[in-house]
Amino acid sequence: MADQQLKKTQPAPAALDGTDLAILVALVEDGRMTNAALAARVGVAESTCAYRVRALRESGVIAGINARLDLGALGHPIHAIIKVRLGSHSREHVRNLYDRLVKVPGALTVWHVGGDDDFLLHVAVASPEELRDLILEHVTVHPMVRQTETQLVFEVRDGRGVLPG
């Protein structure tokens, strides 16, 4: 049973050739690139490029293309990671809290993790007071939460990623 669930949650890696990888590298750098520009950069016909991009989307390799927001310009310059430990690890409690944490105002990403902590909640807020209120009103109020620890984020840089190049 556990093997069947594992297979459902972890699809086999897609078989990608050099053209597919070049398309992905280009789109990671500029997701708004036109098909014509992408085809020229990769060195394939526009129809081939369009087909490849569509196939990458349909296979789930390209999960979406998003705008990157300057949260400081939107009035949310303070980032924090809130580490959450649970007192109860029943499947129902974990799912319930996960569903609630993703709805917390200012939540950017929520990770369910293994180790000492159970969840990592990345938030952006306008002020230290808003961060305090967020934790008190949306995180520690849940009876299954045993402990939280908050870390302020001073700076963020993108990592290299998994693509060659």
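1. Basis. This is a predicted model, in which local features need pLDDT of at least 70 and side-chain atom pairs count only at pLDDT 80 or more, while totals for chains, interfaces and linings use all residues. Residues are numbered from 1 along each chain as its sequence is written, and side-chain values use heavy atoms, with hydrogens and water left out.

2. Terms for elements. Helices are DSSP runs of H or I with at least four residues, strands are runs of E with at least two, and both are numbered from the N terminus. Contact means heavy atoms within 4.5 Å. Buried means under 20% relative accessible area, exposed means over 50%, and partly exposed lies in between (1.4 Å probe, protein chains only).

3. Helix 2 against helix 4. Two packed helices are described by the angle between their axes and the distance between the axes. Here the axes of helix 2 (residues 18-29) and helix 4 (residues 46-58) come within 10 Å and cross at roughly 80°. Axes are lines fitted to C-alpha atoms, for helices over the stretch in contact, and the angles run from 0 to 180 degrees between N-to-C directions. Helix 2 is therefore roughly perpendicular to helix 4. The cut-offs are under 35 degrees for roughly parallel, over 145 for roughly antiparallel, 65 to 115 for roughly perpendicular, and oblique for the rest.

4. Residues in that contact. Helix 2 contributes Thr19, Asp20, Ile23, Leu24 and Leu27. Helix 4 contributes Cys49, Arg52, Val53 and Leu56. By class, the contact has six nonpolar, one polar and two charged residues. Ala, Val, Leu, Ile, Met, Phe, Trp, Tyr, Cys and Pro count as nonpolar; Asp, Glu, Lys and Arg count as charged; the others, Gly among them, count as polar.

5. Helix 3 against helix 4. The axes of helix 3 and helix 4 come within 9 Å and cross at roughly 100°. That makes helix 3 roughly perpendicular to helix 4. Asn35, Ala36, Leu38 and Ala39 of helix 3 meet Glu46, Cys49, Ala50 and Val53 of helix 4. By class, this contact has six nonpolar, one polar and one charged residues.

6. The buried side of helix 3. Which residues of helix 3 (residues 35-42) are buried? They are Leu38, Ala39 and Val42. They cover an arc of only 100° around the axis, so they sit on the same side of helix 3. The arc is that of the directions from the helix axis to the C-beta atoms. These buried residues pack against helix 2 and helix 4. Gly43 follows helix 3 and has a positive phi, near 85°.

7. In helix 5 (residues 91-101), the buried residues are Val94, Leu97 and Leu101. Their arc around the axis is only 75°, which puts them on the same side of helix 5. The face turned away from that buried side carries the exposed residues Arg91, Glu92 and Arg95. What covers the buried residues includes strand 1, strand 2 (107-112), strand 3 (119-125), helix 6 (128-139) and strand 4.

8. A salt bridge is a side-chain nitrogen of Lys or Arg within 4 Å of a carboxyl oxygen of Asp or Glu. The count by this rule is nine salt bridges. One of them joins Arg52 and Asp17 at 2.8 Å, N to O. Arg52 lies in helix 4 and Asp17 in the loop between helix 1 (2-9) and helix 2, so the pair ties together parts 35 residues apart in sequence. Asp17 is partly exposed, at 33% relative accessible area.

9. Salt bridge between strands. Glu149 and Lys83 meet in a salt bridge at 3.8 Å, N to O. Glu149 is in strand 4 (residues 145-153) and Lys83 in strand 1 (residues 78-86), so the pair ties together parts 66 residues apart in sequence. Lys83 is buried, at 16% relative accessibility. Glu149 is partly exposed, with 35% relative accessible area. Salt bridges that share partners join Lys83, Arg85, Asp117 and Glu149 into one network.

10. Val25, a residue to look at. Val25 is in helix 2. Val25 and Val162 are 137 residues apart in sequence, yet 9.8 Å apart in space, C-alpha to C-alpha. Leaving aside neighbours within four places in sequence, Val25 is in contact with Arg41, Leu163 and Pro164.
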